[in-house]
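Hello,

Here is the structure I said I would pass on. My notes on the sheets follow below it.

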Amino acid sequence: MIQLETITKRFGNHTAVDGVSLSVGKGEICGLIGANGAGKTTLIRMMCGLLLPDGGKGQVLGLDIRYQQKAIRQQIGYMSQKFSLYPDLTVEENLRFYAHLYGIHREAQKRIDAQIEEFHLREVRHERVGRLPGGWLQRVAFASAQLHSPPLLFLDEPTSGVDPVTRRAFWEQLYRLADEGATILVTTHVMDEAERCDQITMMNQGRVVTQGIVSQIKKEFANEEDTRLPTLDEIFIQCMER
Ligand SMILES: Nc1ncnc2c1ncn2[C@@H]1O[C@H](COP(=O)(O)OP(=O)(O)OP(=O)(O)O)[C@@H](O)[C@H]1O
């Protein structure tokens, strides 16, 4: 579903993404981990067809990220860090806007109603989005990103500012989606979320510092003198200090 080879992006003299390779198969949940400014959002934006790479090559859903950006944008779901919702529109109006954007016309109302039910948004459907607290915003943004049932979802820090109960419900939804065959790429700062992913890519200053299945990475970073495996937090700090 995602195949990247040495993707690079520069902003002026600064290399935001530096030779990143990545491979994600159908139904996998891939976690992108890194400190602020590591290059996660820049990498996601290139995969979503919103930003052109300066070097390397890549395919998303079999489409070339350099030459088929529009087709990629129509087929994926993207939940950006800022949630990209219109504060002056109601929940339902925001969903309608996204339905239009994704080219859902005939079945739009049916699909919007289904999302409102699935994401428990009935009581706020006529509320302006700008008045809602963070947890609700997250649900509206997630419901919007999935209106067209995309086979591939990009979620950029979807749980930041969200309470633990909402966070757990959110991850249950991710598992269900992946079980149904959706592929998910999610960025997070929270290591217990990273633990839940099928595979992770840890980035620092634009580069991949470690990549693979969590249990495998833990074995690689294990200290011979210690009987227990390191936590992802410890591995993350170790990678940052190198
Ligand atoms: N449009 C841009 N113009 C110039 N520099 C940019 C631009 N977008 C990102 N950068 C820089 O590229 C680097 C990587 O930024 P990016 O937002 O991809 O990191 P991130 O890992 O997503 O961080 P965060 O967790 O804070 O969102 C940062 O140094 C950032 O300042």
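Two strands are taken as paired if DSSP finds at least two bridges between them. By that rule, this predicted model has an open sheet of six strands, in the order β6-β7-β8-β3-β9-β10, and the pairing is mixed. The edge positions belong to β6 (76-79) and β10 (207-212); each has a single partner strand, so one side of each is left without a neighbour in the sheet. From one strand to the next, the twist averages 15°.

Within this sheet, β3 (residues 29-34) and β9 (residues 199-204) are joined by five bridges and pair in the parallel sense. Leu32 has Thr201 in β9 as its bridge partner. Helix α9 (residues 232-241) lies across β3, β9 and β10, and runs at about 30° to β9.

There is also an open sheet of four strands, ordered β2-β1-β4-β5, with antiparallel pairing. Here β2 (14-24) and β5 (63-64) stand at the edges; since each has a single partner strand, one side of each is left without a neighbour in the sheet.

Strand β1 (residues 2-11) runs antiparallel to β2, and seven bridges join the two. Arg10 stands opposite Thr15 of β2. Helix α1 (residues 40-47) lies across β1, β2 and β4 (55-60), at about 120° to β1.

As background to both sheets, strands pair through backbone hydrogen bonds, either parallel or antiparallel.

Regards

Key: Residues numbered from 1 in each chain as written. Predicted model: local features only at pLDDT ≥ 70, side-chain atom pairs only at ≥ 80, totals over all residues. Contact = placed C-beta atoms within 7 Å. Axes fitted to C-alpha atoms, helices over the stretch in contact; angles between N-to-C directions.
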